[in-house]
Amino acid sequence: MNEHVDAVLATVPGGNQAGSAAATGEAKHPLLAALGERVRNLRAQRGLTRKAVAVAADVSERHLANLEYGIGNASILVLQQVAGALHCSLAELVGDVTTSSPEWLLIRELLENRSEADLRRARIALGELLGTASVDPARQRRIALVGLRGAGKSTLGQMLADDLELPFVELSREIEKLAGCSVREIHDLYGTNAYRRYERRALEEAVQIYGEVVIATPGGIVSDPATFNELLAHCTTIWLQASPEEHMGRVAAQGDTRPMAASREAMEDLRRILNGRAAFYSKADLSVDTSGKSLAQSFQALRAAARQAMGLG
């Protein structure tokens with residue numbers, strides 16, 4: 001969880017620049033403000049601290065904080081002016097994958113400004129056209145639980161597997177077996193990209209081994225589109241929802257106080273992570289809200305949803 005931007009800026013030389021801008025009510029350029037918001041949201045979706053991103057990007061935390069706060073970075077405005085002069089988008093000027101060929105550009109034009117429902121239909125249609133759609137006959141018998149840490153995936157997943165008399169797989173444990181070290185050590189020693197590779201491999205192996213199974217997935221599995229597509233294609237997914245306060249309380253009740261100790265703004269960060277990932281979690285086939293429910297009540301709701309999805313009545 002990241003520190004609050006004011007706390008970061010207060011500890012570096014010239015760090016009160018952002019504070020001064022806020023105090024004087026100085027208007028931020030809309031492009032820089034939107035860019036900062038996207039950076040914060042992307043960082044939240046991936047569950048990364050500002051320090052971790054700064055180290056990986058080889059920039060100072062102050063620079064990253066300024067970027068997220070929407071100040072400075074005048075060079076991006078120059079690029080926008082050049083893009084305007086060339087009558088192209090900023091993405092086309094910078095060169096993301098959707099600008100790599102005329103066909104990509106034409107496809108992007110067709111999808112631009114479409115609703116989420118239209119984009120979902122387009123994604124499914126593309127999957128069918130390209131042969132990547134969910135045609136796995138065992139998909140209905142594989143139940144994968146998604147959601148933030150503290151949603152109850154491990155506890156409820158084991159209870160569901162026992163009830164259905166199916167194997168239970170906790171994907172985080174499978175990742176650790178593959179890597180030969182803990183999840184934290186994977187991140188510390190090899191980085192996030194290596195962790196994502198282990199995560200994808202662990203999921204692929206679980207799908208290959210089990211035709212019937214209950215899987216508890218890591219909260220950040222939605223951060224990698226390829227892995228999440230794999231999950232959606234081969235498993236019936238159920239999003240276990242809970243309020244940020246309940247997520248935090250359940251993790252603390254397990255004896256892990258790191259989320260609270262890591263930052264004075266832990267709850268704000270947790271809400272941002274949840275908001276950033278909710279759009280991806282919502283792609284699950286079903287959702288079960290465990291907020292305000294006892295363990296028994298949550299299990300009954302999950303059991304009913306899973307049995308319905310599996311056609312068991």
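Mentor: Let us begin with a definition: a residue is called buried when its relative accessible area is under 20%. Please bear in mind that this is a predicted model.

Trainee: Which residues of α17 are buried?

Mentor: The buried residues of α17 are Ala266, Asp269, Leu270, Ile273, Leu274, Gly276, Arg277 and Tyr281. As background, residues three or four places apart in an α-helix point the same way, because there are 3.6 residues a turn.

Trainee: What span does helix α17 reach, and what is expected?

Mentor: Helix α17 covers residues 266–281, which is 16 residues. From its first C-alpha to its last it reaches 21 Å, close to the expected 22 Å.

Trainee: Why is α3 called roughly perpendicular to α17?

Mentor: Helix α3, residues 30–45, packs against α17 at an angle of about 80°, with the axes 8 Å apart. Angles of 65 to 115 degrees count as roughly perpendicular, and therefore α3 is roughly perpendicular to α17. On the α3 side the contact is made by Glu37, Arg40, Asn41, Ala44 and Gln45; on the α17 side, by Arg272, Ile273, Gly276, Arg277 and Phe280. Of these, Ile273, Gly276 and Arg277 are also among the buried residues of α17.

Trainee: Why is Thr237 called buried?

Mentor: Thr237 has a relative accessible area of 0%. The cut-off is under 20%, so Thr237 is buried. Thr237 is placed in strand β4. Leaving aside neighbours within four places in sequence, Thr237 is in contact with Ala144, Leu231, Leu232, Ala284, Asp285 and Leu286.

Trainee: How is β4 paired with β5?

Mentor: Strand β4, residues 236–241, pairs with β5 in the parallel sense over 4 bridges. Ile238 has Leu286 of β5 as its bridge partner.

Trainee: What makes β2 and β5 edge strands?

Mentor: The open sheet has 5 strands in the order β2-β3-β1-β4-β5, with parallel pairing. Strands β2 (168–170) and β5 (286–289) each pair on one side only, and are the edge strands. Neighbouring strands of this sheet are turned by 20° against each other on average, direction ignored.

Trainee: Why do Cys181 and Cys235 both count as buried?

Mentor: Cys181 has 14% relative accessibility and Cys235 has 0%. The cut-off is under 20%, so Cys181 counts as buried, and so does Cys235.

Trainee: How many disulfides does a search of the whole structure find?

Mentor: The search finds 0 disulfides. A disulfide would require a pair of cysteine sulfur atoms within 2.5 Å.

Definitions and conventions
Residues are numbered from 1 along each chain as its sequence is written. This is a predicted model: local features need pLDDT of at least 70, side-chain atom pairs count only at pLDDT 80 or more; totals for chains, interfaces and linings use all residues. Side-chain values use heavy atoms; hydrogens and water are left out. Helices (H or I, at least four residues) and strands (E, at least two) are DSSP runs, numbered from the N terminus. The expected span of a helix is 1.5 Å times one less than its number of residues. Buried means under 20% relative accessible area, exposed over 50%, partly exposed in between (1.4 Å probe, protein chains only). Two strands pair if DSSP finds at least two bridges between them. Axes are lines fitted to C-alpha atoms, for helices over the stretch in contact, and angles run from 0 to 180 degrees between N-to-C directions. Angles under 35 degrees count as roughly parallel, over 145 as roughly antiparallel, 65 to 115 as roughly perpendicular and the rest as oblique. Contact means heavy atoms within 4.5 Å.
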